[in-house]
Amino acid sequence: MERRENFKSRLGFIMTSAGCAIGLGNVWRFPFITGQYGGAAFVLFYLAFLLILGLPIMVTEFAVGRASGKSSVRSFHALEPKGTKWHFYGYFAASGNYLLMMFYTTVAGWMFSYIFKSASGTFSALSSEEIGTVFTDMLQNPAELVFWMGFVIVLGFVICIRGLEKGVEKASTVIMTSLLCLMLVLVVRAVTLKGAGEGLSFYLKPDFHKMAEKGLGEVIFAAMGQSFFTLSIGMGSLAIFGSYIDKSRALTGEAANIIVLDTFVALMAGFIIFPTCSAFGVEPGQGPGLIFITLPNIFNSMHFGRIWGTLFFVFMSFAALSTVIAVFENIISYAMDMHGWSRKKAAFINMGIIFVLSLPCALGFNVLSFLSIPKLGNIQDLEDFLVSNNILPLGSLVYLLFCTSRYGWGYKAFLTEANTGKGVRFPSKIRFYITWILPFIVLFIWAVGYIQKFFMN
């Protein structure tokens, strides 16, 4: 078995962990869900829930990872009391990472495909209807979807094969730095468009009247859900990076840094989407069509639109790739921990496994489009439901209970690990909250997700 690697720098840890948390949920889902639920009023609730929901759970996951020094599939073995079965969850955490990549690689492939479509001028001479047809034609072309899905898988594993420091950490730092720079360039372009002011006003000025029209309870739950799911907590994908860091820094401050970076990307995505949509009279709450149909139409209408469109999809691709690399590192770590394989062997074997497992999603839009489950939808929708509505919330519940229950690792051991090192300390006085209140909030999110999925659609 290979010697366990460690991050070279604190910056590398923050960038890699943030890359795991920052994904398409930030730059795709956040703007359109904000558009649906009233702009800045929704954002205020979102920020509050990040602090009271996301931060404590992220600290528990980092603490379990660092104290065990192992991937999530083995971390519970190292810390659980003798005779208990907490380690069973490690296998569900592993399955969550595989399930996520089974559909995420396909969607990431869409982003890379659109880089080349934008750069080559595919949209330049097309009407609005024809631009919509480009997206539809792509989904109906199995060869194109499988090619780009495979491209993402190979790229992600090739980076991971180089190791934690030379591959994952270096690539994540470059990708995240480039993503932030690209985002700032696009923000400047968006806010300087003629007519961008109305979109900025919608985004920055809370309008509680509009929020009341949607329904206060619905808006609060949407903000709660977005703040919870955006951080990728609950399936051990962050625990592995906790296992790669030393004990020089307390974990609360590190988790807060990652949440700040994650939130910054989400908020900046809004500064791109809302002014741009306002300038061209477009509704920002449209969902995926906003990214692949509406925005290419908008870029088509801009001066140097091919350049702006290409930069936007490079930015989107970097956001997707940062998550892919982080999750692939988790998957490789599982194989190394469980089977004692070398990194190279674990990477090549899992490259093949992920490719095969990802085929149903890519083919679910065309060859397998006849497969659909009532209330859930196609193959991608099913896989997304299993991860987002089940493994993430229930996994977060497991981490909370493990770190607070005397039948698990226990609050004292968790607090000692979380507060080892310099920096912001986890407040011991919120024990009642994270032991008795936060788990019920997580259960509430999980239950309401089922109600919305099966009884309200």
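Here are a few notes on this predicted model, point by point.

1. Ground rules. Residue numbers start from 1 along each chain as its sequence is written, and side-chain values use heavy atoms, with hydrogens and water left out. Because the model is predicted, local features need pLDDT of at least 70 and side-chain atom pairs count only at pLDDT 80 or more, while totals for chains, interfaces and linings use all residues.

2. Cysteines. How many disulfides does a search of the whole structure find? The search comes back with zero, a disulfide being a pair of cysteine sulfur atoms within 2.5 Å. C160 is in none, and its nearest cysteine sulfur, in C20, is 11 Å away. C160 also counts as buried, at 0% relative accessibility (buried is under 20% relative accessible area, exposed over 50%, partly exposed in between, with a 1.4 Å probe and protein chains only).

3. The nonpolar core. The largest one has 162 residues, and W28, W110, F312, F315 and F414 touch the most other members. (Such a core is a set of buried Ala, Val, Leu, Ile, Met, Phe, Trp, Tyr and Cys residues joined through side-chain atoms within 4.5 Å.) Helix α15, residues 305-339, gives the most to this core, with 19 residues; helices are DSSP runs of H or I, at least four residues, and strands are runs of E, at least two, numbered from the N terminus. Take F315: leaving out residues up to four places away in sequence, its contacts include V27, L179 and I272, where contact means heavy atoms within 4.5 Å.

4. A171. Look for this residue in helix α8, residues 164-191. Is A171 buried or exposed? At 16% relative accessibility, A171 counts as buried. Beyond its neighbours within four places in sequence, A171 is in contact with I159 and I325. A171 and I331 are 160 residues apart in sequence, and their C-alpha atoms are 17 Å apart in space.
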